[in-house]
Amino acid sequence: MAPAPVSASQSVLLPTYARAPVAFERGEGPWAITADGTRYLDFGAGIAVNSLGHAHPHLVEALTAQAGKIWHTSNLYTMPEGERLARRLCEATFAQRAFFTNSGAEANECAIKMARKYHAAKGHPERYRIITFEGAFHGRTLATIAAGGQQKYIDGFGPKVDGFDQVPFDDEAALKAAIGPETAAMMVEPIQGEGGLRSAPSRFLRLLRDLCDEHGLMLIFDEIQTGVGRTGKFFAYELSGVTPDIMSVAKGIGGGFPMGVCLATEEAASGMTLGTHGTTFGGNPLAMAVGNAVLDVILAPGFIDHVAQTSLRLKQSLAELKDKHPEVIAEIRGEGLMLGLKLHTLNTDFVAEARAAGLLVVAAGDNVVRLLPPLIIGEPEVADAVSRLDRAAGAIEAALKRPAAE
Ligand SMILES: *Cc1c(COP(=O)(O)O)cnc(C)c1O
């Protein structure tokens with residue numbers, strides 16, 4: 001049978017996303033702009049990816065300069081810009097080793113493999129199980145959906161990858177009970193992103209560190225969303241002072257160029273010897289040029305302090321907004337420029353109303369709306385965003401007060 005003709009108006013992309021009916025043609029800093037010139041204040045930043053906003057001149061310069069030299073060489077050859085980026089990341093964090101990937105899920109795959117291999121190389125291949133936490137999100141590969149533990153992402157894709165034991169968030173007794181002779185590691189987001197901006201309390205992270213030390217486990221932090229300045233620190237682990245052994249990073253590190261990295265201590269990485277892991281694209285020269293350019297800006301003196309200051313302003317304004325709209329906004333959550341509004345009303349409706357008011361925000365689990373603006377914003381953008389959020393909340397309230405149509 002001949003295949004059915006494809007209608008020109010129907011998308012041939014897999015319908016796995018409920019895409020908003022808006023397409024952006026270009027961007028300028030915190031603004032995303034459609035072909036007809038409509039401007040949206042972008043407080044989603046491509047889900048915490050466009051850390052320096054759109055078309056940042058330093059990133060454009062770095063990418064186009066590299067594009068004119070060489071795009072790709074593979075990991076068969078030395079890549080000086082990758083060596084440099086890895087060294088800069090290690091110097092600015094707890095880590096001594098780095099592996100570049102193309103995405104967050106791949107950075108987590110590296111972290112999971114590394115934790116398992118650490119024990120195997122020490123003569124304990126039976127220690128492969130990883131404790132994860134309810135509400136987690138670690139990606140969409142077969143292993144990372146098992147790690148995240150969300151049934152809706154697991155169902156229908158065959159046997160769940162073995163080796164992940166999920167416990168409730170912030171439940172000491174359940175956590176201790178889950179540790180056994182096969183446990184290799186614990187894996188946690190310091191602040192759950194997709195799960196609804198739930199912060200792991202510092203004392204809980206310290207408990208994880210203590211239990212990992214006591215039982216010889218690897219502590220893995222998934223900082224794919226929280227990393228690279230997002231929380232007002234270079235990495236969120238600095239907020240608690242609890243240092244992981246392994247950390248996955250992606251999203252903001254590429255400023256919009258797809259890349260990730262798995263960082264680790266020398267000890268944690270000790271099993272990852274010649275030939276044990278690989279990637280064709282990971283760490284390619286285009287990504288490395290952009291990653292270095294992102295760090296030029298984010299690690300410049302004062303930049304991250306500015307993020308923390310902007311966050312205070314935004315949090316203060318959001319608290320006022322909550323007081324003004326108590327029927328809509330229940331709670332303000334998060335750290336730095338990774339903030340969430342927990343709502344009484346449906347979060348997806350709020351996202352649509354905000355977009356109608358010219359503001360892009362992102363829904364998350366637990367009925368939360370996420371604000372993830374580019375880290376370059378200042379007071380004018382905070383004021384502008386809050387007035388648009390005010391309009392969105394007002395529209396939701398007006399709809400609540402209208403008598404339901406028969
Ligand atoms: C986005 C995200 C991932 C997955 O990253 P991808 O690049 O989509 O594979 C994993 N963990 C966390 C915490 C994330 O926010």
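A cavity is a set of grid points where a 1.4 Å probe fits but cannot get out, whereas a pocket is an open set. Rolling a probe the size of a water molecule over the atoms shows where empty space is left. The model shown here is predicted.

With that definition, the structure holds two cavities of 30 Å³ or more. The largest cavity has a volume of about 40 Å³. Its lining includes Ala48 and Ser51, a group made up of Ile224, Gln225, Gly227, Val228 and Arg230, and also Lys251, Gly252 and Leu375. By type, four of these lining residues are nonpolar, four are polar and two are charged.

The largest share, five residues, comes from H3. The lining of the second largest pocket has seven nonpolar, seven polar and three charged residues.

Now turn to a sheet. Four strands form an open sheet in the order S13-S14-S17-S16, and their pairing is antiparallel. Strand S13 (329-335) and strand S16 (362-364) are the edge strands, each pairing on one side only. From one strand to the next, the twist averages 30 degrees.

How many bridges join S16 and S17? The antiparallel pairing of S16 with strand S17 (residues 368-371) runs over three bridges. Alanine 364 has valine 368, in S17, as its bridge partner.

Two helices pack on this sheet. Helix H11 (residues 303-324) touches S13, strand S14 (338-343) and S17, and the direction of H11 makes about 170 degrees with that of S13. Helix H12 (residues 347-356) touches S14, S16 and S17, and the direction of H12 makes about 170 degrees with that of S16.

The last topic is charge. Side chains of opposite charge can pair when their charged atoms come close. The structure holds 20 salt bridges. In one of them, the side chains of glutamate 28 and arginine 39 meet at 3.3 Å, N to O. Glutamate 28 is in strand S1 (residues 24-28) and arginine 39 is in strand S3 (residues 39-42), so this pair ties together parts that are eleven residues apart in sequence.

Key
Residues numbered from 1 in each chain as written. Predicted model: local features only at pLDDT ≥ 70, side-chain atom pairs only at ≥ 80, totals over all residues. Heavy atoms only, no water. Nonpolar A, V, L, I, M, F, W, Y, C, P; charged D, E, K, R; others polar. Pairing = 2+ DSSP bridges. Axes fitted to C-alpha atoms, helices over the stretch in contact; angles between N-to-C directions. Contact = heavy atoms within 4.5 Å. Salt bridge = Lys/Arg side-chain N within 4 Å of Asp/Glu carboxyl O. 1 Å grid on protein atoms, 1.4 Å probe; cavity = no way out; pocket = protein on both sides within 12 Å on 5 of 7 lines; lining within 4 Å. Points joined across faces, edges and corners; volume = space filled by probe spheres on them.
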